[in-house]
Amino acid sequence: MSSLLQGVSLYLIGMMGAGKTTVGRLLAQQLGYGFVDTDDVITQATGRSINQLFAEEGEAAFRQLESDVLAQISAHIKLTVATGGGIVLRRENWSYLRHGLIVWLDVPVELLYTRLAEDTTRPLLQDPDPQGKLRSLLEQRQPLYAQADLHIIVKEGETPEQIANRVMAAIPSVLKTTASHQNVEN
Ligand SMILES: Nc1ncnc2c1ncn2[C@@H]1O[C@H](COP(=O)(O)OP(=O)(O)OP(=O)(O)O)[C@@H](O)[C@H]1O
Ligand SMILES: O=C(O)C1=C[C@@H](O)[C@@H](O)[C@H](O)C1
Ligand SMILES: [Mg+2]
């Protein structure tokens, strides 16, 4: 599979809690790729948590850092990249994401909520109605996530391993489309 991909990186997008970090690590192992998480790079580079950055610098400054980090990552090949849930919001980020194959992990809001209910590390969920907040964020972002090359709809009870296997199985279908386009053009 990794030879089929010819070093093209995978970029995982989707809502917070969708499993980008968890599934991304597994995919990197299976592909023999490096693994990078944009949220982790930001926290390591700044020495501050995402919560701190949102509180002390504001969301706009965080988004700028996120774009800067993504720009640097996109210069590399053979990576599986777990992105922050809001990476799709900035148009310039798409020019970086398009360096690789973009995979949307699409998880129902109810499932996201059960996964994140105890989690206090996502500043946008510090809301009196976190489930409603997740729903409105997803509504706003859905058309953006839908621009991914691969759309993986995750069902309740699916393990990270099963999801990673489904992504691996779906990759050739996207690469085939690219190859057939090339044939038509040639
Ligand atoms: N398939 C799964 N089944 C059950 N729990 C899962 C699954 N995938 C991930 N989780 C759990 O859900 C939580 C969120 O997962 P993860 O951190 O990978 O999401 P994320 O998409 O990287 O979120 P963020 O955008 O906030 O970084 C974690 O506690 C993780 O262990
Ligand atoms: O969905 C979002 O906007 C976010 C998701 C996380 O990955 C972090 O990047 C941050 O909490 C913002
Ligand atoms: Mg993550």
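## Helix α7 and its cover

Helix α8 is among the elements that cover the buried residues of helix α7. This is a predicted model. Helix α7 spans residues 109-116, and its buried residues are V109, L111, L112 and L116. Around the axis they cover an arc of only 160°, so they sit on the same side of α7.

## Aromatic pairs

How many aromatic pairs does the structure hold? There are two. One joins F54 and F62. Their ring centres are 5.0 Å apart and their planes stand at 45°, so this pair is tilted. Both F54 and F62 are buried.

W104 and Y145 also pair. Here the ring centres are 5.8 Å apart and the planes are at 25°. Planes under 30 degrees apart count as stacked, so the W104 and Y145 pair is stacked. This pair links distant parts of the chain. W104 belongs to strand β4 (residues 101-106), while Y145 belongs to helix α8 (residues 130-145). The two residues are 41 residues apart. W104 is buried, and Y145 is buried as well.

## Helix α3 against helix α5

Helix α3 covers residues 38-46 and helix α5 covers residues 59-73. Their axes come within 10 Å and cross at roughly 110°.

Which residues meet here? From α3 come T38, D39, V41, I42 and T46. From α5 come F62, L65, E66, V69 and I73. By class, the contact of α3 with α5 has six nonpolar, two polar and two charged residues.

## Helix α4 against helix α5

Helix α4 (residues 50-57) also packs against α5, with axes that come within 7 Å and cross at roughly 125°. Are the two helices perpendicular or oblique to each other? An angle of 65 to 115 degrees would count as roughly perpendicular. At roughly 125°, α4 and α5 are therefore oblique to each other.

On the α4 side, I50, L53, F54 and E57 make the contact. On the α5 side, the residues are E59, A61, F62, R63 and L65. Six of the contact residues are nonpolar, none is polar and three are charged. F54 and F62, which form the tilted aromatic pair, both take part in this contact. F62 of α5 also belongs to the contact with α3, as does L65.

## E66, a buried residue of α5

E66 lies in helix α5. Is E66 buried or exposed? Its relative accessible area is 0%, so E66 is buried.

What does E66 touch, beyond its neighbours within four places in sequence? It is in contact with T38, D39, I42, G84, G86 and I87. T38, D39 and I42 are among the α3 residues that meet α5.

## Two exposed residues

A60 also lies in helix α5. Its relative accessibility is 62%, so A60 counts as exposed. From A60 to L134, 74 residues along the chain, the C-alpha atoms are separated by 19 Å.

R91 lies in helix α6, which spans residues 91-97. At 76% relative accessibility, R91 counts as exposed because the cut-off is over 50%. R91 and L144 are 53 residues apart in sequence, and their C-alpha atoms are 9.7 Å apart in space.

Note on methods
Residues are numbered from 1 along each chain as its sequence is written. Chains are lettered from A and ligands numbered from 1 in the order in which they are written. This is a predicted model: local features need pLDDT of at least 70, side-chain atom pairs count only at pLDDT 80 or more; totals for chains, interfaces and linings use all residues. Side-chain values use heavy atoms; hydrogens and water are left out. Rings of Phe, Tyr and Trp (its six-membered ring) pair if their centres lie within 6.5 Å; planes under 30 degrees apart count as stacked, over 60 as edge-to-face and the rest as tilted. Buried means under 20% relative accessible area, exposed over 50%, partly exposed in between (1.4 Å probe, protein chains only). Helices (H or I, at least four residues) and strands (E, at least two) are DSSP runs, numbered from the N terminus. Axes are lines fitted to C-alpha atoms, for helices over the stretch in contact, and angles run from 0 to 180 degrees between N-to-C directions. Contact means heavy atoms within 4.5 Å. Ala, Val, Leu, Ile, Met, Phe, Trp, Tyr, Cys and Pro count as nonpolar, Asp, Glu, Lys and Arg as charged, and the others, Gly among them, as polar. The arc is that of the directions from the helix axis to the C-beta atoms. Angles under 35 degrees count as roughly parallel, over 145 as roughly antiparallel, 65 to 115 as roughly perpendicular and the rest as oblique.
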